[in-house]
Amino acid sequence: MIPAQSITGLVLAGGEGRRMGGRDKGLEPFAGLPLVAHVMQRFEGQVSELLINANRNLDGYALLGARVISDAEGGFKGPLMGIYSGLRAASTPWLLVAPCDSPALPRDLVARMVTGIGEHDIGVAYDGERLHPVVALLRTTLADDLAAALAEGERKIDRWYARHSWCRVDMSDCPEAFANLNTEEEKHRLELSLAAAKETP
């Protein structure tokens with residue numbers, strides 16, 4: 001079993017937010033908090049350090065109390081670059097990654113990813129129908145290999161994972177936890193849904 005002190009958490013908030021009108025998605029208000037804060041709660045007390053990968057509004061993210069890291073290369077090169085930047089910044093053997101726009105992730109995400117990875121180098125959340133490649137537990141020793149892949153122009157997360165020993169981590173009992181928000185309408189709908197769930201005894 002991988003202990004908490006061997007894991008760095010990383011919340012990916014470095015995208016352009018194109019489908020949300022270019023707004024910085026992680027700082028968008030959701031149920032009274034910035035979106036990124038909901039995801040940060042899933043790591044609290046369960047990892048050695050928490051990082052936020054952001055490429056703008058760095059001061060705003062820094063106020064949330066985690067170490068903020070920007071992409072190792074500029075130009076909004078996608079989540080694989082964010083993952084690489086986290087692998088490089090982490091001082092632990094493991095990095096657990098989650099996106100800033102999935103505020104309903106399971107509260108026991110860390111424990112489930114640790115249990116599910118077995119002897120593999122990468123564990124990827126699977127909701128019973130599809131993989132969620134930006135919810136993943138990875139060995140930080142993969143940083144050099146990912147640097148080489150990025151230098152070759154690779155931008156597809158699943159293609160890079162396929163080069164390594166990886167597995168699905170079964171989350172099929174809670175597929176709704178992986179809802180990710182790309183539009184204002186999706187954000188509003190999930191806010192209403194979570195509020196209704198809280199009111200149901």
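A: Helix α7 gives the most to the lining of the second largest pocket, with seven residues. Helices are DSSP runs of H or I of at least four residues, strands are E runs of at least two, and both are numbered from the N terminus. The model is predicted: local features need pLDDT of at least 70, side-chain atom pairs count only at pLDDT 80 or more, and totals for chains, interfaces and linings use all residues. Residues are numbered from 1 along each chain as its sequence is written, and side-chain values use heavy atoms, without hydrogens and water.

The second largest pocket holds about 400 Å³ of space. A pocket is an open set of points on a 1 Å grid over the protein atoms alone, where a 1.4 Å probe fits, with protein on both sides within 12 Å along at least five of seven lines; lining residues have an atom within 4 Å of a point. The volume is the space filled by probe spheres set on the points, which are joined across faces, edges and corners.

Two elements give two or more residues to the lining: α1 (35–41) and α7 (184–199). By type, the lining has twelve nonpolar, three polar and five charged residues. Nonpolar means Ala, Val, Leu, Ile, Met, Phe, Trp, Tyr, Cys or Pro; charged means Asp, Glu, Lys or Arg; the others, Gly among them, are polar.

Now the sheet. Seven strands form an open sheet in the order β5-β4-β1-β6-β8-β7-β9, with mixed pairing. Strands β5 (67–69) and β9 (166–170) are at the edges with a single partner strand each, so one side of each has no neighbour in the sheet. Neighbouring strands are turned by 30 degrees against each other on average, direction ignored. Inside the sheet, β6 (94–99) and β8 (131–139) pair in the antiparallel sense over four bridges; pairing takes at least two DSSP bridges. Val97 has Ala136 in β8 as its bridge partner.

Helices come next. Helix α3 lies across β1 (7–13), β4 (49–54), β5, β6 and β8, at about 150 degrees to β1. Angles run from 0 to 180 degrees between N-to-C directions, with axes fitted to C-alpha atoms, for helices over the stretch in contact. Helix α4 (109–117) also packs on the sheet, touching β1, β6, β7 (122–126), β8 and β9. Contact means heavy atoms within 4.5 Å.

Helix α3 (79–89) has a helix partner too: its axis and that of α5 (143–151) come within 9 Å and cross at roughly 145 degrees. Leu80, Met81, Ile83, Tyr84 and Leu87 in α3 meet Ala143, Leu146, Ala147 and Leu150 in α5. This contact has nine nonpolar residues, no polar and no charged.
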